[in-house]
Amino acid sequence: MPAETDSIRELIKLWMASSWAAAFFGLSQIAKLLGNGNSEWTKDALEMVTRSIESELSEEMRMVFQSGDRLQRGLITSMFNLLAGRVDTSRLIAKNVVDLAQCASGTAAMLSPVNEQQLAWQELQNKLETFNLFAHVDLDLDLLRKDASLSEFVARASRLGPYRSVWAIEGVGHFFAELGDTSGRSIKLATEPDTLPSSSLVALHSGAGLSFARRCLETITTRHSEREVRTTLERFIVICNENSHAGYVGAAYEALGLVARNLYPHLLLEIDHHLAALDEELVAYFWHGVGRGVYFAPTNFLLDRKTLRHVMKQAQQESPHELARLNVFSGLIWALVLVNIRHPKIIEGFIADNLDGLDGEIFAGALCSAAAIWRESSPEDKALTAFWKYHPSDHRVAEFWNAYVTEPSRMMLNHYYPAVRNAGLGWLFRHRSLPELFVDRERCE
């Protein structure tokens, strides 16, 4: 009976969600598809309706349709979970607010004229989508079974497609690590790589690192001593080392910067001081995370030209020394590229607005690191190849693109990616120059 009940519940949810598809497809066509009457076949048919509609739409309309489809499915899932008393109401409300904002920004992008304002709306939708997948992955995928294994969570997130699955798996890493607070278990990624797809490991370590960083930093009191901060950082490093695979631990370290930048900005300089005494490599990872935090800061969510100038100024002002500057800018560009990998025109706009002050070497290093991370995390995604083969319309941007995007990406993906991958992709979560990246490590070892 429980299995039957679950199947019926899922079928009802899917049928209710299909009304968004019905608006595009027509109820009569859906009725024909549902004529078989078998519940499993019916669920497949409802999904087929949605996929059929998507294939008939233009790229712009497809994104709007997908946003609306996910919004309605999310609302239906939320309603069922709320009625069952299985989730926190405040989190459901927060998720639905972001869902609505994501759908609205996608619609605004489609309806805006082709200019920088359209790009700003599209970039906002991309950012909201990645944030929502990470922050609310348990609600989006109905991950309510606390006894489920990490591999089960990853498998469910992997079914979301080549772009969305990466951000959802990062959310799974964070969600599973957070369960340690209540269930007494830890994520222990150091011992689980054989049970997980290799494509999931970067995102899982990054997501888990965010949980480790938050839990450590929140213990620092308002009137803290130097010793308290130092002890907290040492504990964070131990937690990362004990729970991370050696080849990916850099992804966990880097998360400290993002959490500190957006939740505890008053601690930035103190953390820098103590990490410098521990290990300069940790300083680099930390400031790379700060750069990522600048990109994801709530005040920087809508990146129009005015905000872009402000973001670049922020990155400069928040860098107390050269190592910090290299990594803050690298982390900022790295996040910008990964979030907008499907829309190279957004990166073109960023370059055009910052061409005179943009450091090509930092940009190329960040881009190549991001490309390697994406190739590993989403090997089926064709967006990466389309990205580095893109041709900007502005001739000045085109020159920059050829020198610092197309050629370095080609070298990384066609020649150096296997060696970089074997060295451990956590190594890429800090600024790396092109000479560092383009070394054949297999011959050097």
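Is Glu234 buried, partly exposed or exposed, going by its relative accessibility? Glu234 has a relative accessibility of 29% and therefore counts as partly exposed. This value, like the others below, comes from a predicted model.

## Overall fold

The chain is built from 24 helices and has zero strands. Of its 445 residues, 56% count as buried. Among contacts with a separation of 6 or more, 72% are between residues 24 or more positions apart.

Helix 10 covers residues 164–178.

The buried residues of helix 19 are Pro344, Ile346, Ile347, Glu348, Gly349, Phe350, Ile351 and Asn354.

## Salt bridges within helices

The structure holds 18 salt bridges. One of them joins the side chains of Arg230 and Glu234, with an N to O distance of 3.3 Å. Both residues belong to helix 13 (residues 226–243), where they are four residues apart, about one turn of the helix. Arg230 has a relative accessibility of 24% and so counts as partly exposed; Glu234, at 29%, is likewise classed as partly exposed.

Another salt bridge pairs Glu322 with Arg325, whose closest N and O atoms are 2.9 Å apart. The two residues are separated by about one helical turn because they are three residues apart in helix 18 (residues 322–339). Glu322 has a relative accessible area of 44% and is therefore partly exposed.

## A salt bridge between separate elements, and a network

Asp356 forms a salt bridge with Arg396, and the closest N and O atoms of this pair are 3.1 Å apart. Asp356 is in the loop between helix 19 (344–354) and helix 20 (360–377), while Arg396 is in helix 22 (residues 395–423), so the pair ties together parts that are 40 residues apart in sequence. Asp356 is exposed, its relative accessible area being 73%. Arg396, at 43% relative accessibility, counts as partly exposed.

In soluble globular proteins, nonpolar side chains tend to be buried together. Here the largest nonpolar core has 119 residues, and Ile351 and Met412 are the members with the most contacts inside it. Helix 18 gives the most to this core, contributing 13 residues.

Ile351 is among the buried residues of helix 19. Leaving aside residues up to four places away in sequence, Met412 touches Cys368, Ala372, Tyr417, Val420, Leu437 and Phe438.

## Aromatic pairs and charges over rings

The count of aromatic pairs comes to 14. In one of them, Tyr416 and Phe438 are stacked, with 4.8 Å centre to centre and 15° between the planes. This pair links distant parts of the chain: Tyr416 is in helix 22, and Phe438, 22 residues apart from it, is in the loop between helix 23 (434–437) and helix 24 (441–444). Tyr416 and Phe438 are both buried, and Phe438 is also one of the residues touched by Met412. A separate grouping of rings is the aromatic cluster formed by Phe153, Phe175 and Phe176.

Two charged side chains sit over rings. The charged end of Arg342 lies over the ring of Tyr163, 3.6 Å from its centre. The charged end of Lys389 lies over the ring of Trp388, at 5.6 Å from the ring centre.

His288 is part of helix 16 (residues 280–296). At 0% relative accessibility, His288 counts as buried because the limit for that class is under 20%.

Not counting residues up to four places away in sequence, His288 touches Glu254, Asn327, Ser330, Gly331, Trp334, Leu428, Phe429, Arg430 and His431.

Conventions: Residues numbered from 1 in each chain as written. Predicted model: local features only at pLDDT ≥ 70, side-chain atom pairs only at ≥ 80, totals over all residues. Heavy atoms only, no water. Expected span 1.5 Å × (residues − 1). Salt bridge = Lys/Arg side-chain N within 4 Å of Asp/Glu carboxyl O. Buried < 20%, exposed > 50% of the residue type's maximum accessible area, 1.4 Å probe, protein only. Core = buried A, V, L, I, M, F, W, Y, C linked by side-chain atoms within 4.5 Å. Contact = heavy atoms within 4.5 Å. Phe/Tyr/Trp six-rings, centres within 6.5 Å; stacked < 30°, edge-to-face > 60°. Lys NZ or Arg CZ within 6 Å of the ring centre and 35° of its normal.
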